[in-house]
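Hello,

Please have a look before setting anything up.

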Amino acid sequence: MATYVRTQEIEHDIGARGRFALRVTSPDVELRADNGTTASVRVKVELRAGSDAEADEIFERIRFRVRHEDGSLEVSEPRRAEAGIGSIVQLLGIASSRIDDVSVSAVLPTHAEIVYEGVSADVTAAGFRGHQQYRTVSGDLVLDRIAGDVRVRGVSADVSIRADEPMVLEMHSVSGDVSA
């Protein structure tokens, strides 16, 4: 089996203070602030398949769901039921040996409202100033150069927070290290 790389590009103008939500299981996530008004998301998938056509077929089955409205963008992994976040591989019945890596990177307005929910996913977020909410289970969370109203809930997660301007922090952690 050969290794193929597929990407899903998502762009939506949410405005300077729009809402961005991301729900994932296991990919590495990087969120970066930008002075614009557009949310730009890139999902990169490395997978093994027998042919280019088979790689395309697998990728179509695992494409992230996108919901956008005026001033809002929500991106999440595909799921069969509304029973919560699940692994792409497990939910779609794809043999685990076919998906090698999934990563998500997003460039978002500096003052956007950020809602992040992750399971077994490491996330780095840098430069945000608006209302931010991060919930993670078994994933490390690094918040760098942030300010504003920040809420963090972690379970079995190491959390590192560095603010470079005033912020209000609400932090709840179970079984993890916190550095703020």
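Arg-145 is part of strand β11, where strands (E, at least two residues) and helices (H or I, at least four) are DSSP runs numbered from the N terminus. This arginine has a positive phi of about 55° although it is not a glycine. Its relative accessible area is 36%, hence partly exposed on the scale of buried under 20%, exposed over 50% and partly exposed in between (1.4 Å probe, protein chains only). Ser-138, also not a glycine, has a positive phi of about 55°. That serine sits in the loop between β10 (132–137) and β11 (141–155) and is partly exposed at 41%. Most residues other than glycine have a negative phi.

On provenance: this is a predicted model, with local features needing pLDDT of at least 70, side-chain atom pairs counting only at pLDDT 80 or more, and totals for chains, interfaces and linings using all residues. Residues are numbered from 1 along each chain as its sequence is written, and side-chain values use heavy atoms, without hydrogens or water.

Beyond four places in sequence, the contacts of Val-41 (heavy atoms within 4.5 Å) include Phe-20, Leu-73 and Val-104.

In helix α1 (residues 52–62), Glu-54, Ala-55, Ile-58, Phe-59 and Ile-62 are buried.

Regards
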